[in-house]
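Hi,

Here is the structure I promised to pass on. Have a look at it first, and my notes follow below.

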Amino acid sequence: MTAVGNGSQTAGRPTRLPRSARRKQLLAAAQEVFVAQGYHAAAMDDIAERAGVSKPVLYQHFPGKLELYLALLDTHCDGFLAKVHEAMRGTSDNKERVSGAVRAYFDFMDHESEAFRLVFESDLRNDPAVRQRVERVEQGCIAAITDTIISDTGVSRARAELLASGLVGAAETAAQFWLAGGRQVPKAEAEALLAALSWRGIASFPLQGEPAAGAGQTESP
C-alpha cells in the first residue's frame, strides 16, 4: 500500500513534518480509507499504513478513530457551508444565487474525493456527534438561504425557513439522485435544470416594495 503525500518516509524512516502538515497528511489517508471501507470496517492500522506512519504517530494527533472521523467531517462540512455562503454573498443577482447554491451541492457530490459519502452516506449517521455535524450542514445551508430570502422578500422568518428548506432538500436529493444514477445527464445541464426549477418557484415571491404577482403570495398582517 502506498503512503499518502510526499516525503512521508525517508530510507524507511518517517520524515518529521510540521504538525499542521502531518495532520493534513493523516486526514487525507483517513479519508481514503473511510471512503473505501466505511467507518466500521476501517482500522487505525489501515490509516497509519496508508499514511506511511506508525500508529503512535497517528495517535499523537488523534486519540481514536471517532475523533479522526469527526475531524474529517468538520473539515468537509465547513468547506461545503463556505461554498453555500459564497453563493449567497457573492452576488446580488438572486437567480445567480440559486444557481450557485445548486452548483455547490453538485460539486460536492461529484468531487473525486467522494467526501460526500462521509457527510451524507456515512455508516455512522446514528452516532450523536456525527448526526449533529450533518444536521449542522443542513441547518447552516437553510440559514444562509433564509437570511437572503428575508432580506429580499420581507416574508417572515418562519416562511423564509420553509422556502429555504425546500430549496436545500431539492438540491441535496437531486444531486444524490444524479450521482447514484450514473451521471446520465451532463453535470452542467443537471445543475441548470434544477436551478431553473428552483428559480421559477422562488422568483414568484416579489422583492420588498414590489406588488405580488398573484393572490396567496402576500402574508396576512
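Buried residues, meaning those under 20% relative accessible area with a 1.4 Å probe and protein chains only, make up 41% of the 221 residues in the protein. Bear in mind that this is a predicted model, where local features need pLDDT of at least 70, side-chain atom pairs count only at pLDDT 80 or more, and totals for chains, interfaces and linings use all residues. Residues are numbered from 1 along each chain as its sequence is written, and side-chain values use heavy atoms, with hydrogens and water left out.

As for the fold, you'll find nine helices and two strands (DSSP runs: H or I of at least four residues for helices, E of at least two for strands, numbered from the N terminus). Along the sequence the order is β-β-α-α-α-α-α-α-α-α-α.

Then there's the largest pocket, with a volume of about 370 Å³. A pocket here is an open set of points on a 1 Å grid where a 1.4 Å probe fits, with protein on both sides within 12 Å along at least five of seven lines; lining residues have an atom within 4 Å of a point. The volume is the space filled by probe spheres set on the points, which are joined across faces, edges and corners. Its lining has 18 residues, with G79, K83, R103, A104 and D107 nearest the centre. Helix 4 (65-89) and helix 5 (94-110) each supply at least two lining residues, and helix 4 gives the largest share, seven.

Cheers

Terms used
Buried < 20%, exposed > 50% of the residue type's maximum accessible area, 1.4 Å probe, protein only.
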